[in-house]
Amino acid sequence: MTWFFNVELVEVDPRTENVSTGWFPLITQFTQVIEMKTILFQPRFVPLVQDGRKTQTIRRERKRPIKVGDELSLREWTGKPYRSKQMEIGKGVVTNVDRISFIPPWVWVNDVPLGPKKEEALALADGFRDYSDMILWFLKNHEGKRFDGVVIQWKKIHP
């Protein structure tokens, strides 16, 4: 995208110290800045992310939402969370983002309730053994309350 700005240039003549000004068009080129977004995974999910079996994650919505086309840095903590370094375990490009709501044991994606087959497929794609395993994880980690967030899907990038 090209933008046009008018810029006031000031020139000082060193011999006379006269100041002359003038408005000149300045043509500049802006490029889109792609910010890499970071997603951290619990140890149980790391091997699944690394080998490509897990290419989606369910997260709360961020202040700056992850969008289709965003680049992802997929990471894990090297030790205790927030007290250790992060290690990159992969990279990806976001291919899809959908809204998700859990009111255990039910789940909706984009305000559409999922049936048993789609619930099971969602759980497997997210790295759980089955739908029951996923529901138990959400009950434990979200205190059995309603959860609203997004399902982020990505395509792995090979460095």
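The structure is a predicted model, in which local features need pLDDT of at least 70 and side-chain atom pairs count only at pLDDT 80 or more, while totals for chains, interfaces and linings use all residues. Residues are numbered from 1 along each chain as its sequence is written, and side-chain values use heavy atoms, with hydrogens and water left out.

The chain has 3 helices and 9 strands, where helices (H or I, at least four residues) and strands (E, at least two) are DSSP runs numbered from the N terminus. Read from the N terminus on, the order of elements is β-β-β-α-β-β-β-β-β-α-α-β. Of the 159 residues, 30% are buried; here buried means under 20% relative accessible area, exposed means over 50%, and partly exposed lies in between, with a 1.4 Å probe and protein chains only.

The largest pocket has a volume of about 560 Å³. Its lining is formed by 24 residues, and those closest to the pocket centre are Leu40, Phe41, Gln42, Arg59 and Trp137. Two or more lining residues come from each of β3 (37-41), β4 (56-59), β5 (71-77) and α3 (131-141), and the largest share, 4 residues, belongs to β3. On a 1 Å grid over the protein atoms alone, a pocket is an open set of points where a 1.4 Å probe fits, with protein on both sides within 12 Å along at least five of seven lines, and lining residues have an atom within 4 Å of a point. Grid points are joined across faces, edges and corners, and the volume is the space filled by probe spheres set on the points.

The whole structure holds 8 aromatic pairs. Rings of Phe, Tyr and Trp (its six-membered ring) pair if their centres lie within 6.5 Å, and planes under 30 degrees apart count as stacked, over 60 as edge-to-face and the rest as tilted. Phe102 and Phe138 are stacked, because their ring centres are 4.3 Å apart and their planes meet at 25 degrees. This pair links distant parts of the chain, with Phe102 in strand β6 (residues 86-103) and Phe138 in helix α3, 36 residues apart. Phe102 is buried at 0% relative accessibility, and Phe138 is buried at 3%.

The charged end of Lys54 sits over the ring of Phe45, 4.8 Å from its centre, and that of Arg59 sits over the ring of Phe41, 5.1 Å from its centre. A charge sits over a ring if NZ of Lys or CZ of Arg is within 6 Å of the ring centre and within 35 degrees of the ring normal.

Strand β6 also contains Ser101, which is buried at 13% relative accessible area. In helix α1 (residues 46-50), Leu48 is buried at 15%. The C-alpha atoms of Leu48 and Gly127 are separated by 6.7 Å, although the residues are 79 apart along the chain.

Two loop residues complete the picture. Most residues other than glycine have a negative phi. Tyr82, in the loop between β5 and β6, has a positive phi near 70 degrees and is exposed at 73%. Asp111, in the loop between β7 (106-109) and β8 (112-113), has a positive phi of about 65 degrees and is exposed at 58%.
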